[in-house]
Amino acid sequence: MSHTEITAQRVRRIKPSPSTAAAQRVRELKSQGHTIWDLTVGEPDFDTPDHVKAAAVEAIHAGDTKYTPVNGTPRLRTAIRHKLLERHGLECSDQQITVGGGAKQVIFLALMATLDAGDEVIVPAPYWVSYPDMVLANDGTPVVVDCPEAEGFKLTPGRLRAALTERTRWVILNAPGNPTGVAYTAAELRALAEVVLEHPRVHVLTDEIYDEIWYGDGEAPCLAAVEPRLADRVFLTNGVSKTYAMTGWRLGYGVGPAHLVTAVNTLQSQISSCPSSVSQAAASAALTGPQDFVKESVAVYRERRDLALRLIDEVAQLSCTAPDGGFYLFVNCRSALGQFTPDGTEIRTDEDFARYLLESRRVAVIHGSAYGAPGYFRISFATSTDILTEACAGIAAACAQLSPAAAA
Ligand code: PLP
């Protein structure tokens with residue numbers, strides 16, 4: 001039967017998320033009966049804390065099962081305001097808060113609310129896979145700025161200045177970042193802010209979804225708190241997915257200047273009206289309730305991070321910059337490129353390398369090119385120590401079998 005093609009340009013400009021595609025491939029292999037050492041997962045392996053679940057059940061029984069205000073229940077907004085005040089000393093009004101079905105939706109809506117065709121968004125690479133496609137889907141142009149490992153995978157004032165044009169609307173800063181886990185110091189944020197202050201049209205979207213999964217001293221620095229002069233040009237995004245193991249609840253938020261938040265809320269009112277009332281009750285409990293879960297889970301992540309760093313470091317062809325936060329390692333595999341597998345296949349790219357790990361050792365990782373950084377791969381340590389140990393042993397064995405020249 002013939003059919004008429006009705007897909008819009010914006011869909012043809014983008015691709016499904018590579019991490020979703022990797023997860024799908026792992027599911028397929030598992031369903032065929034293979035044991036897979038899966039290091040692709042982008043979510044905590046812990047269960048949502050019991051008091052959060054209880055708050056959701058209570059909300060259901062209390063009849064909190066109807067539409068809420070577009071910008072969330074008063075309880076959730078108060079919880080968000082308290083977090084920003086207590087953690088960063090930031091004060092904000094209700095008109096400055098928006099909520100959505102995950103930080104992902106909030107970021108998408110902020111771009112949708114602000115971009116016209118040809119507007120540019122600076123995306124430092126390595127980047128979270130969704131940013132360039134979100135920009136493209138909203139008619140904008142992603143301007144990818146390479147931030148090499150030698151510079152700590154961080155955007156520098158010089159590189160930022162060079163990338164800014166008359167069309168720049170946003171700079172996206174994700175710290176601690178996915179995939180590298182690196183974060184900016186307060187001084188580094190101040191230096192970037194100086195450049196942004198020279199360009200009054202430019203706004204900064206900060207993605208702080210991993211802010212509490214933090215291995216440094218004190219707290220992860222936050223641009224809005226570090227540079228109050230940018231207060232009317234920073235849109236801070238965060239959520240409960242990673243910190244409280246609540247990825248499936250789909251609840252994120254954004255805080256920024258009231259005019260921008262109003263625009264986002266106008267779109268939200270036409271898109272989903274509001275996020276789930278039950279998830280809002282759960283998120284309120286997560287943000288205001290006991291925080292032991294966060295402390296305990298971060299202690300576990302820290303142990304796994306140290307274990308994985310040590311195991312990767314033992315492999316001749318691999319090296320890795322230690323992450324400041326999050327639950328990923330972004331591993332440099334450039335020394336493996338150009339080497340040959342036992343069956344004589346050359347590993348030309350990071351994608352070849354990831355395929356080799358999967359096919360030879362059943363270890364699933366995501367290739368660095370998906371994050372705009374060829375020559376790397378990402379592993380998630382949001383998994384058990386056993387799986388992590390087995391997977392790293394598999395990676396080491398696969399690397400040990402590589403040789404500089406094809407077998408004669
Ligand atoms: N931002 C980054 C950097 C992420 O890695 C993710 C999830 O993988 C998100 C945002 C999305 O978070 P949420 O579950 O709140 O939509």
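In this predicted model, the second largest pocket is lined by 18 residues, of which Arg87, Glu212, Glu219, Tyr244 and Gln291 lie nearest its centre. Helix H4 (74-88), helix H11 (277-288) and helix H12 (292-313) are the elements that each give two or more residues to this lining. The space in the second largest pocket comes to about 450 Å³, and its lining is made up of seven nonpolar, four polar and seven charged residues.

The largest pocket holds about 740 Å³ of space and has 32 lining residues, with Ser19, Gly42, Glu43, Lys104 and Lys242 lying nearest its centre. Here, too, the two domains are represented, since domain 1 (3-47 + 293-400) and domain 2 (55-288) each provide at least three residues of the lining. At least two lining residues come from each of helix H2 (18-31), helix H5 (103-114) and helix H6 (130-137), and H2, with six residues, gives the most. Sorted by class, the lining of the largest pocket comprises 12 nonpolar, 11 polar and nine charged residues.

Helix H6, one of the contributors to the lining of the largest pocket, is largely enclosed by the rest of the structure, because seven of its eight residues are buried. The buried residues of H6 are Ser130, Tyr131, Pro132, Asp133, Met134, Val135 and Ala137. Their packing partners are helix H1 (9-12) and H5, together with strand S3 (120-125), strand S4 (141-146), strand S5 (168-174) and strand S6 (203-207). After H6 comes Asp139, which has a positive phi, near 75°.

The cysteines were examined for disulfides, a disulfide being a covalent bond between the sulfur atoms of two cysteines. With a cut-off of 2.5 Å between sulfur atoms, the count comes to zero disulfides. Cys320 is in no disulfide, and the nearest cysteine sulfur, which belongs to Cys392, is 10 Å away. Cys333 is likewise in no disulfide, with the nearest cysteine sulfur, that of Cys399, 8.1 Å away. Cys333 counts as buried, because its relative accessibility is 0%, and residues under 20% are classed as buried.

Note on methods. Residues numbered from 1 in each chain as written. Predicted model: local features only at pLDDT ≥ 70, side-chain atom pairs only at ≥ 80, totals over all residues. Heavy atoms only, no water. Buried < 20%, exposed > 50% of the residue type's maximum accessible area, 1.4 Å probe, protein only. 1 Å grid on protein atoms, 1.4 Å probe; cavity = no way out; pocket = protein on both sides within 12 Å on 5 of 7 lines; lining within 4 Å. Points joined across faces, edges and corners; volume = space filled by probe spheres on them. Helix = DSSP H or I, 4+ residues; strand = E, 2+ residues; numbered from the N terminus. Nonpolar A, V, L, I, M, F, W, Y, C, P; charged D, E, K, R; others polar. Domains from an automatic or database assignment. Contact = heavy atoms within 4.5 Å.
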